[in-house]
Amino acid sequence: MKYLKICFLLCLTYFSLAQTADNSFKKPLKEVIAQIEIRFKVKIRYPEDLVKDKWVTYADWRFRPDFEKTMTNVLSSQDITFAKEGEKKYKLQPYQYHLKTPEEGEQQLAYLSTLYNDEASWEKRKDELQACMWKALKLSPLPAKPSSKVITSNKRTMDGYTIENVAIETLPGVYVCGSLYMPLESKGKIPVILNPDGHFGDGRYRADCQYRCAMQARMGAIAFSYDLFAWGESTLQFKSENHRKSLAQTMQTLNSIRILDWLLSFSNADASRVGITGGSGGGSQTMLITALDDRITLSVPVVMLSSYHSGGCPCESGMGVHLCGNGTNNVEIASMAAPRPQLILSDGKDWTQHVPETEFPFLQKIYGFYGKTEEVKNVHFPEEGHDYGKSKRLALYDFLVKNFQLDVKKLKDKAGVMDETKVTIEPFPAMYVFGEKGENLPKNAVKDFETLEKIFAEAIKN
């Protein structure tokens with residue numbers, strides 16, 4: 001062992017002192033980082049595993065007078081990026097394929113703007129993107145729909161609305177679970193609103209989600225809240241780590257389509273008033289489903305629209321939909337909603353902080369091709385963060401009331417604000433479709449991701 005250590009040190013000395021083209025001027029990454037720290041008088045922190053056993057070829061040739069250019073040159077071959085933490089302080093992190101800088105996002109929008117200048121050229125681009133996205137998701141054509149009946153249970157009656165637990169079989173043995181909120185009293189055709197979950201703690205069971213969906217029902221709409229793949233009750237079938245498999249994006253897209261199929265089969269569902277809204281990862285789904293499915297007539301993506309952030313989870317970006325059209329982003333995807341009404345909710349403490357001055361003007365331009373700039377809105381909360389909090393919900397309610405022509409006078413308090421106090425926040429178990437331990441799972445329920453992959457491959461083959 002001692003002999004091996006000596007040999008290793010001798011090798012390091014050789015590479016450090018005998019740098020030539022024959023050995024590609026090779027140096028350990030850790031040594032190069034130390035050189036950079038000394039030369040530019042900075043401090044760079046990193047997890048040891050990130051740099052362990054990594055080498056930089058042509059190391060000294062990559063140095064430039066500028067610190068950031070040097071870092072880019074050194075790290076470009078390592079799948080590592082750097083970020084500033086303070087004055088002369090930086091950190092290293094794994095390369096994040098979904099993330100660019102705000103400046104790069106702005107530059108991409110400027111480039112995309114050169115590809116179309118009117119409704120016809122935009123529609124051509126939109127058709128190309130849509131076809132590519134379906135193909136990237138492996139949903140062209142859609143797999144056959146299971147013939148099983150939708151599972152419903154434990155209907156509860158609240159103040160002005162009912163809740164029912166629901167499971168829909170989207171592929172043989174694969175179920176998406178959710179909560180169906182219905183108005184207690186309604187007349188004629190009523191709106192339908194999908195509420196895909198995001199990456200917030202407690203999933204669709206959390207209070208803010210219950211408030212939002214219950215209020216939609218009290219306003220006179222059919223509202224459906226549902227789990228992410230391998231999240232919530234989906235973990236009865238798949239491990240939580242499967243949520244970060246790329247196929248999760250496809251499954252979530254398929255789930256939304258199957259849910260909408262079912263909701264629009266209701267005799268009182270109004271196909272001319274179909275909305276979708278979600279925050280964070282649910283916002284990613286909101287933009288994507290609206291871009292793909294023309295049945296959606298209104299969308300409200302929350303704390304997700306960004307020109308430089310495509311969604312950090314593979315369930316948002318894993319299938320490469322953002323590579324369509326030689327490169328797109330969530331702003332162009334959100335623009336595919338035009339000219340349908342769309343409300344963008346953004347804040348000052350996440351990647352949506354630049355929406356008012358960067359992303360929103362791009363959307364307005366696309367809507368302008370149709371003469372419909374008034375149909376896209378942005379409500380920005382500069383002092384708020386990454387959530388679907390009350391102020392954002394109130395903005396949603398106002399948008400729904402206006403565009404779905406809802407009469408909500410009885411739901412407002414003395415100040416004229418929508419009153420959420422009559423919503424019942426339920427304990428999590430009340431919303432479980434299959435029981436607290438999955439004891440009510442159907443006999444054909446798939447129990448592992450490998451089986452799902454086989455079922456999906458077979459489904460898209462037929």
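How many salt bridges does a search of the whole structure find? I ran the search and got 18. I counted a salt bridge when a side-chain nitrogen of Lys or Arg lies within 4 Å of a carboxyl oxygen of Asp or Glu.

**Entry 1: ground rules**

I am working on a predicted model, where local features need pLDDT of at least 70, side-chain atom pairs count only at pLDDT 80 or more, and totals for chains, interfaces and linings use all residues. I number residues from 1 along each chain as its sequence is written, and side-chain values use heavy atoms, with hydrogens and water left out.

**Entry 2: salt bridges**

I looked up Arg218 and found a salt bridge with Asp159, with 3.8 Å between the closest N and O atoms. The two residues are 59 apart in the chain: Arg218 belongs to helix H7 (residues 207-218), and Asp159 to the loop between strand E6 (151-157) and strand E7 (161-171). I took helices (H or I, at least four residues) and strands (E, at least two) as DSSP runs, numbered from the N terminus.

Next I checked accessibility, calling a residue buried under 20% relative accessible area, exposed over 50%, and partly exposed in between (1.4 Å probe, protein chains only). Arg218 is buried at 15%, and Asp159 is partly exposed at 40%.

I then turned to Arg295, which forms a salt bridge with Asp293, the closest N and O atoms being 2.9 Å apart. Arg295 is partly exposed at 29%, while Asp293 is buried at 10%.

Lys461 and Glu458 are separated by about one helical turn, because they are three residues apart in the helix. Lys461 is exposed, at 62%, and Glu458 is partly exposed, at 40%. I also found that salt bridges with shared partners join Lys145, Asp261, Asp293 and Arg295 into one network.

**Entry 3: two helices**

Two packed helices are described by the angle between their axes and the distance between the axes. I therefore fitted axes as lines to C-alpha atoms, for helices over the stretch in contact, with angles from 0 to 180 degrees between N-to-C directions. The axes of H8 (residues 247-263) and H14 (residues 449-461) come within 12 Å and cross at roughly 65°. Which residues make the contact? I found Leu247, Thr250 and Met251 of H8, and Phe449, Leu452, Glu453 and Phe456 of H14, taking contact as heavy atoms within 4.5 Å.

**Entry 4: the sheet**

I traced an open sheet of nine strands with mixed pairing, in the order E6-E7-E8-E10-E9-E11-E12-E13-E14. Two strands pair if DSSP finds at least two bridges between them. E6 and E14 (376-381) each have a single partner strand, so one side of each is left without a neighbour in the sheet. The twist averages 15° from one strand to the next.

I then asked: is strand E9 (residues 190-196) mostly covered or uncovered? It is mostly covered, with seven of its seven residues buried. E9 runs parallel to E11 (residues 269-279), joined by four bridges, and Ile190 stands opposite Ala269 in E11. E9 also runs parallel to E10 (residues 222-226), joined by five bridges, and Asn195 stands opposite Ser225 in E10.
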